[in-house]
Amino acid sequence: EAMVKNPTVLSNALNDKLPDGREIKDLDIVRSRGMGAVEWLRKNIKTDYLLGPEVLRVTLPADNAQEAADLLNAISKAFHNEYAEVERGKKQVRLTELRAKKDAIERELNSLRGILDRDIAKLDVMSVNSVNVQQSVLQTQYSAAEAALRALDSDISKAGSEISAAKAKLKIIDRFPVPDEVLFEAYRKDQ
């Protein structure tokens, strides 16, 4: 909710263009506010979840419904772009964390392999039982480390898929304008 009124989102919306090539900041509803347009929007945009818990309704009281709709569509587009960028950043951080964990586990696994190799070299294979017990312990540690490595590989793969999906959504986000019926209905309710 707060992200819709974020000055960055509002500034990006005001610097956007309409489908017909006109700039949002050239709309009368924006131009009449001058340099204070962002602050005016922060104070006058109303948000709620009356349409459902997953649907954020954004309204702006205005005399010209078409200009208000154009401005709200630009704000919606800027919001989606900012949100997608924030989510992409979070996923990238998570992917970096998972890769670091994977590297740490691989280093530990290599260390355990080295210990196993040294212990085998030190052993005087006098007692087959001792070798079998030690091998069993080391094999268990090795198996656990490999299982952890596989889990991290799976998490990294999933995070990569999520980043790809987010990038794909970001490319087509501007194809989903707010339907006029929803905007007009919201405008009528504010009257």
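The structure is a predicted model, for which local features require a pLDDT of at least 70 and side-chain atom pairs are counted only at pLDDT 80 or more, while totals for chains, interfaces and linings use all residues. Residues are numbered from 1 along each chain as its sequence is written, and side-chain values use heavy atoms, with hydrogens and water left out.

The protein contains six helices and two strands, where helices (H or I, at least four residues) and strands (E, at least two) are DSSP runs numbered from the N terminus. Read from the N terminus, the order of the elements is α-α-α-β-β-α-α-α. The radius of gyration of the protein is 29 Å, well over the 16 Å given by the globule rule for 191 residues, so the protein is more spread out than a compact globule. Here the radius of gyration is taken over C-alpha atoms, and the globule rule is 2.2 Å times the number of residues to the power 0.38. The C-alpha trace spans about 95 × 30 × 25 Å along its principal axes.

Of the 191 residues, 27% count as buried; buried denotes under 20% relative accessible area, exposed over 50%, and partly exposed the range in between (1.4 Å probe, protein chains only). The accessible surface of the protein amounts to about 12,400 Å², and carbon and sulfur atoms contribute 53% of that surface. Accessible areas come from the Shrake-Rupley method with a 1.4 Å probe, and for residues only the protein chains shown count as cover. Among contacts in the protein with a separation of 6 or more, 68% are accounted for by residues 24 or more positions apart, a contact being defined by heavy atoms within 4.5 Å.

The charged side chains comprise 30 positive and 31 negative groups, and the centres of the two sets lie 2 Å apart. In this count Lys and Arg are positive and Asp and Glu negative, whereas His and the chain ends are not counted; the place of a charge is taken as NZ of Lys, CZ of Arg, CG of Asp or CD of Glu. A search of the whole structure finds 13 salt bridges, each defined as a side-chain nitrogen of Lys or Arg within 4 Å of a carboxyl oxygen of Asp or Glu.

One of these pairs is Arg31 with Asp28, whose closest N and O atoms are 2.7 Å apart. Both residues belong to helix H2 (residues 28-31), and their spacing of three residues separates them by about one helical turn. Asp28 is partly exposed, at a relative accessible area of 46%.

Helix H4 (residues 65-122) holds both Arg88 and Glu85, which are three residues apart, or about one turn of the helix. The salt bridge between Arg88 and Glu85 has its closest N and O atoms 2.8 Å apart. Arg88 is partly exposed with a relative accessible area of 28%, as is Glu85 with 37%. Arg94 and Glu97 also lie in helix H4, again three residues apart and about one turn of the helix. Their salt bridge has a distance of 3.7 Å between the closest N and O atoms. Arg94 has a relative accessible area of 36% and is partly exposed; Glu97, at 40% relative accessibility, is likewise partly exposed.

Leu98 is located in helix H4 and counts as buried, at 2% relative accessibility. Leaving aside residues up to four places away in sequence, Leu98 touches Leu152, Asp155 and Ile156. The C-alpha atoms of Leu98 and Asp155 are 7.1 Å apart in space, although 57 residues separate the two in sequence.

Leu170, in helix H5 (residues 128-172), is partly exposed at 29% relative accessibility. Beyond residues up to four places away in sequence, Leu170 touches Asn81 and Ala84. Between Leu170 and Ile75, the C-alpha to C-alpha distance is 15 Å, with a sequence separation of 95 residues.

Thr59 is situated in strand S2 (residues 57-59) and counts as buried at 3% relative accessibility. Its contacts, not counting residues up to four places away in sequence, are with Asn44, Ile45, Lys46, Leu72, Ala186 and Asp190.
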